[in-house]
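Work through the exercises below with the sequence and the model at hand. Try each task before reading its solution.

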Amino acid sequence: MKVRFAPLLLAVALLWLAGCRASGPGTPARTVAEFFNKYENRSGFKATDWNAGLGTRFLLGRLGKLGGNNDLSQALTSIRSAKILTFTPTSNSAQQLVVEGLDKEVAGLLASERYTPLPAADTDPNIPNQMRYSVREQLGMVTELVAVGGEKNTGSFVLMAISGSFTRAQVAELSKVLPNVASGGF
């Protein structure tokens, strides 16, 4: 009789542990897509969603070849979609999101969804808008690259999710370009 309840007890324990991960404001998002849906219409947030068609990927590939880097040009042509969510606290309720742990919520969902953090290229704490990268892999290819960053002084925050099919070398080249892109719109 005790053996019958062991799977139920295990399931309850796993659900409890999942609920105890790093929380954020309200109910924490469980996926990157849920995080975008949860915050994109709130005060202080701005969401941008971009899908690459065949013509766009062709143009991105041509632009990448102008730079002379094959891994970068291949990475640009492999991008299928990109989502960017920026946040600047503009009200007291928006500032409360910073206090409640917006950054911790993202860290928790990336850990629970088994994203692999990439080592930081430069660990200097004085660099503003330092981006942290994580990837999701499937069958040896990176299917999603997530970049998270922000500025502690202002409480600003950015989350980028780029979907496609990349090698690790292509991701390394993209991560060299993305900080410049993120800081320009930040």
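**Exercise 1.** Find the residue that stands opposite Thr116 in strand 4.

Solution. Strands here are DSSP runs of E with at least two residues, and helices are runs of H or I with at least four, both numbered from the N terminus. Strand 4 covers residues 132-138. Within strand 4, Val135 faces Thr116. Strand 3 and strand 4 run antiparallel and are joined by two bridges; pairing requires that DSSP finds at least two bridges between two strands.

The model is predicted: local features need pLDDT of at least 70, side-chain atom pairs count only at pLDDT 80 or more, and totals for chains, interfaces and linings use all residues. Residues are numbered from 1 along each chain as its sequence is written, and side-chain values use heavy atoms, with hydrogens and water left out.

**Exercise 2.** Describe how strand 4 is linked to strand 5.

Solution. First, count the bridges: seven, in the antiparallel sense.

**Exercise 3.** Write down the strand order and identify the edges.

Solution. The six strands make an open sheet, ordered 1-2-6-5-4-3, with antiparallel pairing. Strand 1 (45-51) and strand 3 (116-117) each have a single partner strand, so one side of each lacks a neighbour in the sheet. For strand 1, strand 2 (residues 79-87) pairs with it over seven bridges. Asn51 is placed opposite Ser81 of strand 2.
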